[in-house]
Each structure stands twice: as structure tokens, then as C-alpha cells.
Amino acid sequence: MPTFFERRELVTPGDLIAEGDYIAGENTYTEDNKVYASRIGIVEYENKEVNVVALRAFYIPRVGDIVIGTVVEVGFNGWQVDINAPYQAHLRASDVLSRPFKPQKNDLSEVLDVGDLIVAKIIAYDRAHDPQLSVGEPGLGKITRGQIVEITPTKIPRVIGRKGSMISVIKRETGCQIILGLNGVILITGKTAEDEELAIRVIHKIEEESHTSGLTDRITQMLKEEKTKGEEIKNESET
Amino acid sequence: MSQKHEKLIDKKGLRLDGRKSDELRPIKIEVGVLSNADGSAYIETGKNKILAAIYGPKELHPKHLALPDRMVLRCRYHMAPFSVQERKSPAPSRREVELSKVIRESLEPSIFLEYYPRTGIDVFVEVLQADGSTRCASITAASLALADAGIPMRDLVVACSAGKIDGTVVLDLTDTEDKMGEADVPLALMPNLNAITLLQMDGILTFEEFEKAVDLAIEGCRKIYAMQKEALKVKYVSVKEVEE
């Protein structure tokens, strides 16, 4: 039962990773008892399971995910929302309006119009049906302020960090509220535009260097440096 | 043709461009060259210059084309008006429509189409400069672009042509060799699965010659595959180096 790649080695689609008694995990497939890679990525072994951490992938909806989307169409009984996935999501009008509504009377575009951004949760999705969204929980709904950053969806776990270590550092140091859409869209709301800009720079840095180790420490350092720099400029302008 | 070639192979056994019978043209491959596409690749094989770009998977428009059980792969092979010696009309010709289909069918077995039903992938192949065996170079580039877009694949697809000129079976035909020669055998291969996804023959070959041509083309494919893989890895190597 040999394996043909070291842990954390780069593989391309079709590379034979392991042979024999192994289980194909993420971004891999089996044929004739052999495990092959199906995406470009980095190999990880977990007991008998072979995984490839993809370097390039797109977002596939999963029930329970929090996503950030753009309203692209106002329909009779709901909205079509672009969630950065191969499928367009649907948000039902009855989910947003607590009161009963009549399509003839109520104009849905008064509530959410084309181009509006929303934070929503995926409540239903399978192969045969497009994802269904809900905003009926605290923290969800229309976005009124803040800035949006888009990154590769596969890198969202890195922005969160181990047990949320990375994200809590960014939140603490910049004083910004950050909502991570698992579809790769991030909402940042801070007290000042400068705080938001700093958070955006940090997130882009994480995206670029997501495969390096000790990233959380470097990010913490970067944040501290940037902050003192920012304060110096502030002091200078005041005097 | 501007010149008339009496002989395609000289006394020393070398071809018009100085290659041996089993030699490939110099190849240059680059991945991720277009920032607006979801995935892209650029390939140069000798004088061929080809760009491939991928969009998707995304909702298919027009919607009636979507299939309930799998993705739809759409492919457009197009030659730029300046890609050949006489200006080519930019409208798709009979040949281009056929090659679009051929390229699509040679890529289809490599993709897990059943993973994302009701969606579609668009493949655009743009030939900027043509000099024989463009379908093979196009397949090699398009497959790389698919991998660059993060589409789940069984294997990369690599293609190469063989043929017969002046009674000799040779590898990787140029435009002149294709037109003046006796036969052309383009072949696409999934190297790790050892599966052929495209095999055509234009011209007449004996059984022995055909077998020799196929063997030669497979060998050529394996050489190109090494370069193809390297090109794909190079894009991410900088990331790897920081880590080590």
C-alpha cells in the first residue's frame, strides 16, 4: 500500500497519490483501488484518508453556510441572488416579510432591489434544486454599510485560522466587524475608512501567503506595525 | 505555399526545419495568463501560438441547453484573421466548427461532468498564429486552462500529432508537412490513465505505419505532458518556496 507523494507536496489533476487500502477524501477519486488527484493542490494524509487541499476551486453551496450575495433579479415571490457559485440562489419574499404579502399590492423592490447586498444562510440545496436562502436570523439581512472584499473561497478557512485565531486577531487589532461569507465574499465594517482599508490589506496578504506556516504571527506583527505608522501620521498632522 | 518543396526530408534524414523524425518542435507553455477568465493557458509549439480561456462552471444560458444530470461543456475553436498567410475570414468556417467539436469531445472524458448538473463550462480557444497540428496544441492548452480554473478532472489531456512524409513516419507535423505529406494522425491522451481521447487519421497508412505513428505520438504526448505539468506547477511554486 504505497503512497507516491509526501505530505504537503504539490499535485496536479491525474497524479496517482496512493495505491491500495486508502480512502479518497476531498479533491481526489478512486479507480481500480488507486487514489488520484482531481484538482491542483497540496496532499494531506489523515489516517487512511487522502485529501488534496485545492489551490484553485469555486464555491459549492452547502446547507447551513453563511454567504454574502448580490440581488440580481426581483421576481413575483422573491429574489434571485448571485452567491458566487455555479448556481443562483433564491430568497423567498415570505422569508423577509413577516406580514402576509400579496404580489399585486406589495412591491418587492422596495424591500430589496437589484444590486443590494445581503448576508444570508443557505437553508436548502441539493443536486436537483437551486440553493434556497434565508435571512430570518439575527445578523442576517441587507448590508447597509461597510466594504466588501472577494477572495478565493478555498482560502476562507485560512482567514478564520485555527479555532478562529486569525480572524479574532484582525478584529481586535483593527476594531472592525468582519462577516465571512463562505462563498469567498467578506464584509468589513469599521469605525473609520482607514481601519477598513487596513483589514482589507491584511486579508489580501493572507490570501497571497495562505500556504506559509506561522502566518498568524506575521499578520499580528504587520497589524501592529501598520497601527503605529497610522498613529504617527495622525500625530504629525495634528501638530 | 510560397515555395515548392521537392523533398520534405533531406539526405541526412533531417526535416525542413532541421528536426529529426522523432523530434518535437520547441514548446513554451504558460498558465493563468488572462486575469478576466476563470482559467487560462497559452502555448507555443514551434510557430503555433494559441490562447485558451475557461469560464465556469456557471448557470447555462440559454437555459434550455442545461442538462438535468450533468454539466455541459461548450467549446469554440477560432482562428484569428491574422493567424495564417492569407487573411482568414473571422466567421467560423466549416473546419473550425468541426475542430470545436473534436476538441470538446477529447476534453469531455477528463472532466467530472456529473458533479455539477445544470451548469455549463465555456472553453474558448483562440489561434493567434497557426503552423500545423493546432488542434493538438489547443487541446493541451485547453486542458491546462481547465485545471487552472479549478474544475475537477480525472487527468490532464495532452495531445500530439504524428504522420507520414516522404515515406517516413514522423512526429509533430508542421503546416507544410501536413499539406505536402502523405498522412496526419492527431492523438490526445490522458497519460496517467493511459486512455486515448482523440484519434484521427487523414491520409493513407499501412497497419504497420499506423501503429508506428500511434506509438510515436503517444511518446510525444508523454514528453509534452512533463512540460504541461511543470507549467501548471510553476504558477504555484513561488507559494511553495516561501513555505519551505
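**Around one serine**

Visitor: Which residues does Ser138(B) touch, not counting residues up to four places away in sequence?
Guide: Leaving those close-in-sequence residues out, Ser138(B) touches Ile50(B), Ala52(B), Tyr77(B), Ile103(B) and Val125(B). Keep in mind that this is a predicted model.

Visitor: Is Ser138(B) buried or exposed?
Guide: Ser138(B) counts as buried, because it has 28 C-beta neighbours inside 10 Å, and the cut-off for buried is 20 or more.

Visitor: And which helix does Ser138(B) lie in?
Guide: Ser138(B) is part of helix 2 of chain B.

Visitor: What separates the C-alpha atoms of Ser138(B) and Lys101(B)?
Guide: 12 Å, with the two residues 37 residues apart along the chain.

Visitor: Switching topic: how many residues does each chain put into the contact?
Guide: Chain A gives 24 residues and chain B gives 26.

Visitor: On the chain B side, which elements each supply at least two residues?
Guide: Strand 3 (48–59), helix 2 (134–148) and helix 4 (207–243) of chain B do. Helix 4 of chain B has the largest share of that side, eight residues.

Visitor: How do the residues on that side of chain B divide?
Guide: There are 14 nonpolar, nine charged and three polar residues on the side of chain B that touches chain A.

Visitor: Last one: how is chain A divided into domains?
Guide: Chain A has domain 1 (10–54), domain 2 (66–142) and domain 3 (147–237). The centres of domain 1 and domain 3 of chain A, taken over C-alpha atoms, are 32 Å apart.

Definitions and conventions: Residues are numbered from 1 along each chain as its sequence is written. Chains are lettered from A and ligands numbered from 1 in the order in which they are written. This is a predicted model: local features need pLDDT of at least 70, side-chain atom pairs count only at pLDDT 80 or more; totals for chains, interfaces and linings use all residues. Domain bounds come from an automatic or database domain assignment. Two residues are in contact if their C-beta atoms, placed from the backbone, lie within 7 Å. Helices (H or I, at least four residues) and strands (E, at least two) are DSSP runs, numbered from the N terminus. Ala, Val, Leu, Ile, Met, Phe, Trp, Tyr, Cys and Pro count as nonpolar, Asp, Glu, Lys and Arg as charged, and the others, Gly among them, as polar. A residue is buried if 20 or more other C-beta atoms lie within 10 Å of its own, exposed if 12 or fewer, and partly exposed in between; C-beta atoms are placed from the backbone.
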